[in-house]
Amino acid sequence: MNPTETPRIIRVTETASTNQYLREYLQTEKLPEGSAVVASFQLAGRGQAGNSWESAPGCNLLFSTLLYPNFIPANRQFIISQITSLSVSDTLSQYTDHITIKWPNDIYWKEKKICGILIENDLTGQYIYSSIQGIGININQTEFQSNAPNPVSLKQITGNTYKLDEMLDQFLQRFYRYYIELLQEKDQEVHNKYMRHLFRGTGYHPFREGDRTFEAHIQAIEPTGHLILKEKNGTTHRYAFKEVHFIL
Ligand code: BTN
């Protein structure tokens with residue numbers, strides 16, 4: 001991070017998607033690393049795998065942050081997911097127990113999803129030129145309409161209402177700190193912490209691969225982001241995102 005350039009926080013009342021807003025903004029003007037776009041409402045909030053992201057107006061944190069991690073090789077881009085997930089899980093863990101990171105980068109409270117992350121990297125050759133981290137954290141919403149299977153908000157968990165700006169500040173402080181750790185080549189420490197916070201990180205749990213269901217434990221997650229599962233009979237398998245599903 002360039003210490004001479006202060007990150008900018010751009011606030012918008014309404015936009016299609018903060019990821020899209022930030023990407024379009026960058027086409028005309030460069031923003032300092034660490035800058036963020038925050039919206040009260042998204043007209044077309046995007047989730048992983050072409051899903052939409054539901055968030056009632058003014059209730060939740062909807063934002064996208066910007067990095068220029070040109071020291072990270074393209075095949076190591078999963079480390080950005082890890083620092084983003086850890087920054088959210090550290091922030092939420094200030095307010096409630098039972099926050100975990102569901103591989104690759106959903107944030108869960110118990111068996112429910114409290115935050116979704118959509119990372120979009122722009123590569124130049126073998127390295128990342130720019131990276132946008134789109135983050136939706138369910139904070140004060142009390143009812144969810146869409147068919148998302150298991151949403152939950154911090155307010156539903158604790159009964160309290162939270163100030164969104166304070167939560168964003170807390171996230172950003174942590175996020176910048178983790179990013180500096182990457183600049184200092186402390187990837188292994190970051191990864192170890194990610195592994196300690198994993199959803200179903202210990203023991204055997206049910207998974208589904210196509211039509212096959214099986215019990216396995218998480219043996220490792222590779223720097224590429226592949227999940228290594230070990231079954232009770234000793235066989236191991238390696239999965240990319242979406243090739244295997246947790247059975248909830
Ligand atoms: C998921 O499907 O789990 C990812 C959801 C990501 C939602 C956030 S909200 C802010 C940013 N803008 C978007 O359009 N999506 C991300």
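Lys232 and Glu215 form a salt bridge whose closest N and O atoms are 3.4 Å apart. The pair connects distant parts of the chain, with Lys232 in the loop between β10 (227–231) and β11 (236–239) and Glu215 in strand β9, 17 residues apart. A salt bridge is here a side-chain nitrogen of Lys or Arg within 4 Å of a carboxyl oxygen of Asp or Glu. Helices (H or I, at least four residues) and strands (E, at least two) are DSSP runs, numbered from the N terminus.

The model is a predicted one, in which local features need pLDDT of at least 70 and side-chain atom pairs count only at pLDDT 80 or more, while totals for chains, interfaces and linings use all residues. Residues are numbered from 1 along each chain as its sequence is written, and side-chain values use heavy atoms, with hydrogens and water left out.

**Salt bridges**

The structure contains 12 salt bridges. Three of the pairs are listed below.

| Pair | Closest N and O atoms |
|---|---|
| Lys232 and Glu215 | 3.4 Å |
| Arg11 and Asp165 | 3.0 Å |
| Glu111 and Arg200 | 2.7 Å |

Arg11 forms a salt bridge with Asp165. Because Arg11 lies in strand β1 (residues 9–15) and Asp165 in helix α4, this pair ties together parts that are 154 residues apart in sequence. Glu111 forms a salt bridge with Arg200. Glu111 belongs to the loop between β5 (106–109) and β6 (112–124) and Arg200 to the loop between α5 and β8 (205–209), so the pair ties together parts that are 89 residues apart in sequence.

Arg200 counts as buried at 14% relative accessibility, whereas Lys232 counts as exposed at 59%. Asp165 is partly exposed at 47%, as are Glu111 at 39% and Glu215 at 37%.

In helix α1 (residues 18–28), the buried residues are Thr18, Asn19, Leu22 and Tyr25. They lie on the same side of α1, because they cover an arc of only 130° around the axis; the arc is that of the directions from the helix axis to the C-beta atoms. The face turned away from this buried side carries the exposed residues Gln27 and Thr28. The buried residues of α1 pack against β1, β2 (36–42), β3 (61–67), β6 and β7 (127–137), contact meaning heavy atoms within 4.5 Å.

In helix α5 (residues 187–196), Val190, His191 and Tyr194 are buried. Their arc of only 95° around the axis puts them on the same side of α5. On the other side of α5, Gln188 and Arg196 are exposed. The cover over the buried residues of α5 includes α2 (78–93), β4 (99–102), α4 (164–183) and β9 (212–221).

**The ligand and its surroundings**

The ligand is surrounded by 20 residues, the closest being Ser17, Gln42, Arg46, Gln48 and Lys113; a residue is included if one of its heavy atoms lies within 4 Å. A polar side-chain atom of Ser17 is 2.8 Å from an oxygen atom of the ligand. For Lys113, a polar side-chain atom lies 2.6 Å from an oxygen atom of the ligand. A polar backbone atom of Arg46 is 2.7 Å from a nitrogen atom of the ligand. The protein covers 98% of the 420 Å² of accessible area that the ligand has on its own, by the Shrake-Rupley method with a 1.4 Å probe.

Conventions
Buried < 20%, exposed > 50% of the residue type's maximum accessible area, 1.4 Å probe, protein only. Polar contact = N/O pair within 3.5 Å; in protein donor to acceptor, adjacent residues only side chain to side chain.
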